[in-house]
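My entries follow in the order I made them.

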Amino acid sequence: MLADNDQQLIDAVRRAYSAAAERPKGKHPFPVGKGFAKSLGYPKKLLARLPSVSVEGFAGVSNVATAAEIPAGSRVLDLGCGAGLDSLIAAEKTGPDGRVIGIDFSSAMLDRARRAAEEAGIKNVQFLQAEGGNLPLEDGSIDVALVNGLFNLNPKR
């Protein structure tokens, strides 16, 4: 069980990320959006063809999905998926025989991610709401895990 101050921190971070999802062009304590994603090395052409609802809400810390080796047919976890940018990239890499599960603790970010997957017509991705310490997954069900900024928010780090 988390201490009260740890839960308060988690709740504050959830509110901040939810605000970024709800108003990505607003002022936030961290960078958000397409320009930030480009600065981290996401290719401009890739960002241009992915749904803007996902790109505009991007709030990660790296371009992990573009660099990750994701074999065709693999089962991928995108932990802290946010607006779904890395999940969509992983879903393309793993192909129709693979599966991507994006997990985030912000329902507002997950709303963006789901809209983006629908807009892109990507069917091999699923988005679930959960906290990083309590994942709704069976042991051994994942081949590749992507984490783009979640661990820096852990109150126990």
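I began with H6 and found it mostly covered, with eight of its 10 residues buried in this predicted model. I listed the buried residues as Leu85, Asp86, Ser87, Leu88, Ile89, Ala90, Ala91 and Thr94. After the helix comes glycine 95, and I read a positive phi near 75° there.

Next I looked up the largest nonpolar core. It has 29 residues, and Leu85 and Leu146 touch the most other members. I noted that H2 (34-39), H3 (44-49), H4 (52-55), H6 (85-94), H7 (107-120), E3 (125-129) and E4 (144-147) each supply at least two residues of this core. H6 gives the most, five residues. I then checked leucine 85 on its own: leaving out residues up to four places away in sequence, it touches Tyr42, Leu47, Leu50, Ser54, Val55 and Phe58.

Which order do the strands take? The order is E3-E2-E1-E4 in an open sheet of four strands, and the pairing is parallel. E3 and E4 are at the edges with a single partner strand each, so one side of each has no neighbour in the sheet. E1 (residues 75-79) pairs with E2 over five bridges, in the parallel sense. I found aspartate 78 opposite glycine 102 in E2.

I checked which helices pack on this sheet. H6 touches E1, E2, E3 and E4, and its direction makes about 170° with that of E2. H7 touches E2 and E3, and its direction makes about 170° with that of E3.

I stayed with H7 for its span and its buried residues. H7 has 14 residues and reaches 20 Å from first C-alpha to last, close to the 20 Å expected at 1.5 Å a residue. I listed Ala108, Met109, Leu110, Arg112, Ala113, Ala116 and Ala117 as buried. The buried residues of H7 pack against H1 (4-22), H4, H6, E2 (99-104) and E3. Just after H7, I read a positive phi of about 70° at glycine 121.

My last entry is a loop residue. Asparagine 63 lies between H4 and H5 (64-67). What does asparagine 63 contact, leaving aside its neighbours within four places in sequence? I found Leu40, Gly41 and Tyr42. A polar atom of the asparagine 63 side chain lies 3.3 Å from the backbone oxygen of glycine 41.

Methods:
Residues numbered from 1 in each chain as written. Predicted model: local features only at pLDDT ≥ 70, side-chain atom pairs only at ≥ 80, totals over all residues. Heavy atoms only, no water. Core = buried A, V, L, I, M, F, W, Y, C linked by side-chain atoms within 4.5 Å. Buried < 20%, exposed > 50% of the residue type's maximum accessible area, 1.4 Å probe, protein only. Contact = heavy atoms within 4.5 Å. Polar contact = N/O pair within 3.5 Å; in protein donor to acceptor, adjacent residues only side chain to side chain. Expected span 1.5 Å × (residues − 1). Pairing = 2+ DSSP bridges. Axes fitted to C-alpha atoms, helices over the stretch in contact; angles between N-to-C directions.
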